[in-house]
Amino acid sequence: MEAFLAQNVDGYYLRIMIFIGINIILALGLNLITGVTGQLSMGHAGFMSLGAYTSAILSVHFGTPFFLAIIAGALLAALFGFLIGIPTLRLDGDYLAMVTIGFAEIIRVFFLNFEPGGKAVGFSGIPQETTFTTVWIIVIVVIILNTKLFNSRVGRSLFAIRENEIAAEACGINTTRMKVLAFTVGSLLGGLGGGLYAHYMYYINPQDFGFMKSIEILNMVVLGGMGSIPGTIIGVIILTLAPEVLRVVAEYRLLVYGALLVILMIFRPNGLLGDVRIYDLKKRWGKKEVKI
Amino acid sequence: MIILELEKISQEFGGLRAVDGVNLSIIEKEIFGIIGPNGAGKTTLFNIITGIYVPIEGKLLFKGKQLNGMAPHDIARLGIGRTFQNIRLFDKLSVLDNVRVGCHGVTHSGFWSGMLGLPGSRKEERLILDRSQELLEMVGLTDKRYEYADNLAYGEQRRLEIARALALEPSLLLLDEPGAGMNSAEKDELMGLIRQIRDDRHLTIILVEHDMNLVMNICERIAVLDYGRKIAEGTPNEVKNDEKVIQSYLGVSA
Amino acid sequence: MFWEQLINGLTLGSTYALIALGYTMVYGIVQLINFAHGEIYMFGAFVGLFLVMAGMNIFIALLGAMIFCMLLGMLVERVAYRPLRGKSSRLSALISAIGVSIFLSTLMALYRGTNTTRYPEVLGSTTYNLGSIQISSLQIIILVVSGLLMVGLQVMIQKTRLGKAMRACSQDLEASSLMGINVNRVISATFAIGSALAAAGGLMVGIYYNAVWPYMGTMAGMKAFAAAVLGGIGSVPGAMIGGLCLGVMEIMGVAYLSSSYKDAIAFAILILVLFIRPQGLMGQKTSKKV
């Protein structure tokens with residue numbers, strides 16, 4: 001497959017497609033935490049970083065096979081998500097935002113000082129094992145699992161928590177436990193994306209995983225529509241392509257970006273697809289049933 | 001048989017005694033009303049029973065089991081359902097999903113079985129769907145099942161909340177101002193609904209209300225709260241004619 | 001040596017305090033973490049720089065920077081936050097704030113480039129000796145100016161009508177508006193005051209460290225935010241104490257532990273506070289009304 005692609009598709013487009021795939025994995029992770037369960041996490045890049053560095057170090061220093069390294073990275077990210085989630089998710093929503101910012105910053109500073117990770121110079125020599133196929137197979141699996149989760153009892157309870165936490169408790173939902181679950185799974189996906197990223201980029205640097213990265217991923221979720229899988233995918237596509245498309249006005253890109261966020265929030269806070277749900281489609285199909 | 005017992009329950013907010021030494025014994029299968037002026041502590045009492053607030057004093061017993069300090073979701077799973085004074089629906093979920101979420105407390109499929117679509121979870125989903133549709137039918141919202149909950153009319157939203165609370169298969173149902181904002185026709189329907197669900201499902205119902213007509217007609221016993229204290233208790237007639245109640249709340253009819 | 005570090009810490013801390021006050025006052029009233037606040041601080045430093053380079057006296061420049069940022073802060077509130085108040089979720093307001101932050105920092109970066117600019121020599125720095133402790137005149141000025149501003153703020157909050165209105169709004173916004181308080185004006189004023197204080201902080205940091213650059217607001221903003229949380233978000237005295245404590249802890253941490261983890265100190269404190277005592281040093285545990 002890879003050979004086929006290498007011959008028939010321009011390397012540039014391939015690269016973009018791989019980035020889109022990785023970003024979808026990252027964004028779906030954040031979507032689960034923030035879009036579905038309504039818990040604002042602003043340090044997703046921190047989990048990405050953990051996944052990236054862990055898998056990279058395992059690959060390079062320990063010769064760990066690619067898939068094992070990636071999984072290890074993802075699991076470590078999930079572990080940290082769990083550890084942070086437990087004390088924080090008992091508290092009011094804003095606190096999670098604060099803690100995640102702090103957490104991501106600490107991770108960044110840690111890796112700036114972490115010898116085996118190359119410190120500020122970065123870490124290079126990571127085997128380039130991430131392929132188009134690998135990424136997209138994982139993407140498809142993640143999408144399928146997410147979709148099934150959303151339509152299940154647990155998935156519904158997460159949406160319920162977002163909508164009205166107190167009512168959710170009254171329905172028998174252990175909100176803290178569910179929030180920690182969502183946060184752990186979301187962080188796992190963050191770590192997974194990080195591992196794939198590291199093994200594609202060959203070189204990583206703590207600056208890659210700073211606050212701006214967290215914001216970028218958050219924007220993909222917000223733009224597309226919180227809680228919506230197709231929405232998140234669209235958000236990813238638009239925001240991954242935009243810098244490429246706007247390369248001409250690269251300098252002004254961030255300016256437009258910032259303004260766009262404000263405008264988006266004022267006029268369409270639920271994102272492009274946030275307010276469109278399966279129900280609307282069902283209703284339309286429903287109407288097609290002829291009344292005799 | 002006494003299903004819910006409140007013994008000297010008290011709650012304080014920053015120095016203010018919102019509930020002060022309240023004693024209540026609710027009998028199984030009765031429809032019990034709690035009335036009183038605004039701020040008397042009625043909703044606070046509900047919040048204490050459902051575990052949102054932990055009382056600073058007193059004992060709370062449900063079917064003999066002590067509830068003090070239990071988390072709200074555990075209390076809900078024991079079989080206490082409720083509606084809220086300020087309607088707390090899941091706005092951006094469909095009407096059907098609102099009720100399906102209500103089933104959470106009595107179902108068990110976990111994260112893995114739901115995500116992987118294991119047979120146990122699929123069977124449970126069918127059950128949840130059937131129950132929910134049945135409940136929607138009972139409150140007359142079947143036609144609107146795919147609407148967003150916040151698209152419903154006010155009275156419909158209140159009925160949805162009741163359906164959701166019933167999904168929990170409670171033995172005790174707390175209704176907080178279920179008739180608020182309804183016109184008299186709707187209130188008559190509501191009274192019929194309340195009686196029906198009590199009779200059909202062997203429920204005990206505690207009801208907070210301001211509409212005296214509703215309360216007097218449907219409640220078998222009533223307690224009156226004022227400034228956090230219970231000032232009277234008895235049958236509707238007894239309470240209607242109680243001196244203290246007339247003074248503080250009902251007023252004198254000339 | 002210890003005393004010098006303490007003074008260094010308090011000097012740095014008072015600048016954190018000035019920024020933290022803006023965060024805490026805004027959060028107290030509208031429950032918004034104003035991510036763009038750090039950029040206001042940065043603008044304060046730059047506007048001060050421009051005014052000084054144009055030949056003005058440093059204290060006039062301070063005033064000018066404060067007034068400029070006051071207006072900037074009010075503008076931001078009007079354009080990016082007010083339309084979202086009430087109708088949208090907290091998340092949208094936060095994202096809007098992030099958008100403003102990105103916009104403002106990029107704006108300055110485009111105008112000045114991303115490199116560091118130095119402040120021209122405005123206040124000669126003489127070192128004084130109090131016994132065996134050395135303190136520079138610059139530090140004295142910063143401590144005094146910050147102190148005056150903070151005292152002024154406290155006085156304003158406790159003694160003026162506006163202050164009373166602000167306190168009322170932070171307790172219950174809806175009730176305040178029902179009591180006839182013009183909530184929009186109070187909120188604007190809060191942003192204005194917070195921004196003015198941040199501007200002062202920015203200018204003083206610029207002079208003290210002799211460096212300004214467009215992204216200085218991001219890190220300082222986050223740390224000041226940590227300081228506000230440490231002191232108890234929503235509490236004005238809390239922000240002051242939190243800022244001073246954070247400054248001291250950061251300087252001490254660098255002096256006695258390690259300098260490479262300097263930036264992590266603030267965030268480690270943030271996380272610790274949130275785990276151990278989320279309401280901060282001065283905050284009170286609030287119970288939600290259901």
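**Entry 1. A hairpin in chain B**

I began with strands E9(B) and E10(B), residues 221–226 and 229–234 in turn; five bridges join this antiparallel pair. I note at the outset that the model is a predicted one. Across the pair, Asp226(B) stands opposite Arg229(B) of E10(B). Two residues lie between the strands of this hairpin, and I found a positive phi near 50° at Tyr227(B).

I then turned to the other pairing of E9(B). Strand E3 of chain B, residues 31–35, runs parallel to E9(B), and four bridges join the two. One of the partners I looked up is that of Ile35(B), which is Val224(B) in E9(B).

**Entry 2. The open sheet of chain B**

In what order do the strands of the open sheet of chain B stand? I read the order as E2-E1-E4-E5, four strands with antiparallel pairing. At the edges I found E2(B), residues 16–27, and E5(B), each of which pairs on one side only.

Five bridges join E1(B), residues 2–13, to E4(B), residues 57–62. Two bridges join E4(B) to E5(B), residues 65–66, and the two strands run antiparallel.

E4(B) and E5(B) form a hairpin with two residues between the strands, where Lys63(B) takes a positive phi near 50°. I also looked for a helix against this sheet: H1(B), residues 42–49, lies across E1, E2 and E4 of chain B. The helix runs at about 65° to E2(B).

**Entry 3. A residue of E4(B)**

I selected Glu57(B), which lies in strand E4 of chain B. Why is Glu57(B) classed as partly exposed? I counted 14 other C-beta atoms within 10 Å of Glu57(B); the class applies because this count falls between the limit for exposed, 12 or fewer, and that for buried, 20 or more.

Leaving aside neighbours within four places in sequence, I found Glu57(B) in contact with Lys8(B) and Ser10(B). I also looked up Val22(B), which is 35 residues from Glu57(B) in sequence and 10.0 Å from it in space, C-alpha to C-alpha.

**Entry 4. Where chain A touches chain C**

I next examined the contact between chains A and C, in which 31 residues of chain A meet 35 residues of chain C. On the chain A side, the elements giving two or more residues are the helices H4 (66–88), H5 (93–112), H10 (211–224) and H12 (250–267). Which of the elements gives the largest share of this side? I found that H5(A) does, with 12 residues. By class, the chain A side has 23 nonpolar, five polar and three charged residues.

**Entry 5. Two helices of chain C**

The crossing is left-handed. Among the residues of H1(C) that make the contact I listed Ile7(C), Leu10(C), Ser14(C) and Leu21(C); on H5(C) they include Gln139(C), Ile142(C), Ser146(C) and Leu153(C). The contact has 10 nonpolar and four polar residues, and I found no charged residue in it.

Note on methods: Residues numbered from 1 in each chain as written. Chains lettered and ligands numbered in written order. Predicted model: local features only at pLDDT ≥ 70, side-chain atom pairs only at ≥ 80, totals over all residues. Pairing = 2+ DSSP bridges. Contact = placed C-beta atoms within 7 Å. Nonpolar A, V, L, I, M, F, W, Y, C, P; charged D, E, K, R; others polar. Axes fitted to C-alpha atoms, helices over the stretch in contact; angles between N-to-C directions. Left-handed = near helix turned anticlockwise from the far one by under 90°.
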